[in-house]
Amino acid sequence: MGGLCCCKSSGDEEKIYEQEGKSLAKGPLTQRSCTDILCLICFLVHLLAFIIITFVGVADGDPRKLYRPRDYHGGYCGVADYGEYEKLMQTMNTTEMVDETMQQAVCSTASVNALDGLLSTSDYQDFLCSCCLVPCGNCTGSLGLPDVDTAAELKTTIAGSMARLTDLTDGSSLLGSSSSDCTSFSAESIFSEMTKYFISVCYSETCSVPDSFSARNYTYRPEPDSKFLIAWTTLLSSGPTDIQEALEANFVFSALPTSLCPYEPRYCVPMPGVNFTEAPNDYCIPKLETSVISALGTSAVAALEGLGSSAITEGATEGLGNLVGDMMNSFDATIIVAFWSFMMGLIFLVLLRFLVGCIIWGSLGLVFLLLAAAGGLAYIRSEQCEGASLFETGQQSAVAVTVAATAAATAALTGNSCVESLSGNGADYRGCQTRTVSGTLCQKWDVTSPHDHDYNSTNYPSDDLSSNYCRNPLNASTIWCITTNSDKTWEECSPIGVVTSTCTQGYEVDSQTGRDALKVCAVVVWVLAFIWILLCICLYSRIRLAIAINKVAAQFVAFHPSVLLIPIFQVFIAILYTIFWAFCASFLLSQVPDSYTSTEYYATYSEAMGTADTAGECNPKWPAGWAYKYSGDLSSTDDPCSGNMGDVSGITPKCWRCAPPRYVFDYYFAYTFFSFLWNNALFVATGQCMVAAAVGIWFFTKRDSKGKKSPVRKAVWIVFRYHMGSVAFGAFIIAVVQFIRYCMKYLEKQAAQQKNRVMVYVLKAVQCCIWCFEKCLKFLNKHAYIQIALLGTNFCTSAKAAFYLIWNNAARIGTMVILGSIIQFIGSTVIIVGTVVVGYFILQALYPSASPLMPMLLYLAIAYLTAQLFMNVFGLAVDTCLHGFIIAEKQNLDKDCVPPLLQNLIKNKGSTSSKKIQPVDDDAASPPGPKEDSEKK
């Protein structure tokens, strides 16, 4: 709606408000036209592009990759090659479980003597270093494993150690045994380091290892990159017979068949004594077999409790089930509580009409008191003596101030004053102090009740012991007196006017600098309190306006609760759209290209995954992949890890590979995410514009017609019929800024992945600035939507009007924002607390035996949503009423055009027309069209 005719007025704001045909005497304009149609067309085209991109994603993506369990090398259980293997099972990591036994077999004296002469000199020295038999390399001491001197003894020892790992029928010997042959395992050690001793694999059928199965054999050998491989293969091929037999016969494992575990045998070896039970999402949770629990006793129970055993998991699941059951069984109570929560919101808004003044003035006064108290606490802390409490110090200061004020008032009335000078210990003090530092009244010196004493003018004639004034007749550290408190005989005094006394034992804050800083802080806070009071005085008229407008807004929501259906329906549609969008986006997120992560092989973990200061080859960007240990292919003659069919001589084994992340962000997803932001902003903007239109219709309706017709239906029609283009335009601007902020977040993640700390902090600062800018834009957009609802102008014109309105009424709007925040906080608190407390009593009355935990959490969520619903609508109603009030002033409307509570606050300014614009009844004819208006001119 361009090309607006302007009345004679100074300032752009007046030009917008005082256009011909723009009178709001009858409410938001009925003579409207569609605004920003091009933006609406662009929005529809963008939705079409979103649908096309979604179809592309459906063809190539697989959302199951976002939530299905993954095995040790990144495979997806139940997807693609593992489609029939849906469970994630944990099998034995033979490399870790056999490691110590292998080292004992290789590094014992029997093997060392056998290898002397079988290995070359350099290989033998490397072997001794690998076994830490000599000080070298990374060794800090010997391995500490039991030593075996002869080959026959080694054969027996190895056979006993390996039997506990290979015998699947006797798990208790592994998990509960104690042997000097080799290190014994326990349930606690294995379960506390499951990622070390177990390997994650996809598994078929149920989460359990069958008692009998067609086993595959797996013969252990050290990893291709193991420093013990050469010694192992040498002993196996050329060592003493007993050692050869020990290595050949005892390191053979039974592996699950491929029908259950579709991997090489080494990855399918069950852990003796450990079985599994099913958990949600096709995960398998380990548990100890009955024989193992019986053997371990209470130590196994402790391990289960601390490390997630099936028994504890089942108990927790059962307890959670009971809690959810109580919540479902008390559904009727939930309905009652939800209704009560809604009623709490209405009751609060009704009461707010009468209590808003008390709430606002009370809140302003409370802020002043808090500032004054904070300054007082800081000052008291600076003067707090060693051993004295903060309360005691504060009481003494309060007493001193009160006594000084009383003495000053008495002196002003009587004309008599005392000299309060004190030097040294106060022996020369002749002032009029009659109270101790704690405020207790002094007993007269010539009176012996309640305390009998001999301190009088007769015994101490030179000390002026008159009346009940504080003195120092005994040459004490300072002046004192006998008290009238029967429980306390005497107490020190301070001269009148001395607020704080000298601390002879020192201060709680030892540093003089610290005490001075506290005093400075106290003065600063007191100055702020004084400024606060001055602001309240200077803004008195604006505060009165804010109170009146809040009353009017509360009156509107209370009279027309149907307006609350707008945000309810808005949230419902937003939830449905979010679910739909998430479903569509999941196809795009799961399209991880094969080239995203490196397919190379790496010699070390740090090369693959990086260090604290450098990124690795598997995680150079975000979302990051991860590294897994590859064991090679013994059937290959040129494998980077296992070399020529296991012979790694002459090469450096590269046994680390990269696994891809679950999801990636590409350009397709970036577009769909921007679409999500735009649609989300559109939902918010549409609701704001509808509520503003409803409030505007009600606001400008004549007094005798208010409440007779619901303005909500007409407001919905106005927005959908004329202004969806403008709403889409404003939402687009917000979406662009939000998208830029999220792009900065993405770059921050990339910088963090690259270990670039400086760039991380720079991007965080940029995001903070963009966030602040976004908040300002949202604030301006909200006021622009109000202008659209009231005046029917396009977005740019409305945003311009909103900007000038905010600029020219900064004090009014600033006051409104601050006070509105206070009211919304109090309102939310009242609704939430009232709902939860009443809900508890309703639950106890209807279901006294039910656990209140889950129902109360549900009541809290209901109360929070209800509070947000009421307070957001109320806040928008406040802003719209303020716009209406300002427009009424600018257009010099008759006071009968605005609600009664605001009529006395309108300051009609000089208008370019000769008379005020009179209100128009709802049933009156529509305003003249452009042609008629031109003829009148």
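Rings of Phe, Tyr and Trp, with the six-membered ring taken for Trp, count as a pair if their centres lie within 6.5 Å. With that cut-off, a search of the whole structure, which is a predicted model, finds 45 aromatic pairs.

**First stop: an aromatic pair and its cluster**

If you colour the chain by element, you will see that the pair links distant parts of the chain, with Y577 in helix α19 (residues 565-589) and F676 in helix α21 (residues 667-699), 99 residues apart. Are these two residues buried or exposed? Y577 counts as buried, at 13% relative accessibility, and F676 is likewise buried, with a relative accessible area of 16%.

Now widen the selection to Y577, W581, W622, Y663, F665, F669, F673, F676, F683, Y742 and Y746, which form one aromatic cluster.

**Second stop: two cis peptide bonds**

P623 lies in the loop between α20 (605-609) and β9 (626-629). Then move to S449 and P450, which are also joined by a cis peptide bond, here with omega of about 10°; P450 is placed in the loop between α16 (390-414) and β7 (480-482).

N475 has a positive phi of about 55° although it is not a glycine, and at 56% relative accessibility it counts as exposed. For another case, go to D36 in the loop between α1 (12-17) and α2 (37-60), where phi is near 50°, again a positive value in a residue other than glycine. D36, however, is buried, with a relative accessible area of 19%.

Show helix α18 (residues 540-559) and helix α27 (residues 853-890) as cartoons; their axes come within 8 Å and cross at roughly 120°. That angle makes α18 oblique to α27, and α18 passes α27 in a right-handed crossing. To see which side chains make the contact, select L545, I549, N550, V552, A553, A554, F556 and V557 on α18, together with V873, F874, A877, V878, C881, L882 and F885 on α27. How many residues of this contact are nonpolar, polar and charged? The contact of α18 with α27 divides into 14 nonpolar residues, one polar and no charged.

**Last stop: helix α3 against helix α10**

Finally, select helix α3 (residues 94-107) and helix α10 (residues 229-238), which pack at an angle of about 65° with their axes 10 Å apart. The crossing of α3 and α10 is left-handed. With side chains displayed, M102, A105 and V106 in α3 can be seen to meet A231, W232 and L235 in α10, and by class this contact of α3 with α10 has six nonpolar residues, no polar and no charged.

Methods
Residues numbered from 1 in each chain as written. Predicted model: local features only at pLDDT ≥ 70, side-chain atom pairs only at ≥ 80, totals over all residues. Heavy atoms only, no water. Axes fitted to C-alpha atoms, helices over the stretch in contact; angles between N-to-C directions. Helix = DSSP H or I, 4+ residues; strand = E, 2+ residues; numbered from the N terminus. Parallel < 35°, antiparallel > 145°, perpendicular 65-115°, else oblique. Left-handed = near helix turned anticlockwise from the far one by under 90°. Contact = heavy atoms within 4.5 Å. Nonpolar A, V, L, I, M, F, W, Y, C, P; charged D, E, K, R; others polar. Phe/Tyr/Trp six-rings, centres within 6.5 Å; stacked < 30°, edge-to-face > 60°. Buried < 20%, exposed > 50% of the residue type's maximum accessible area, 1.4 Å probe, protein only.
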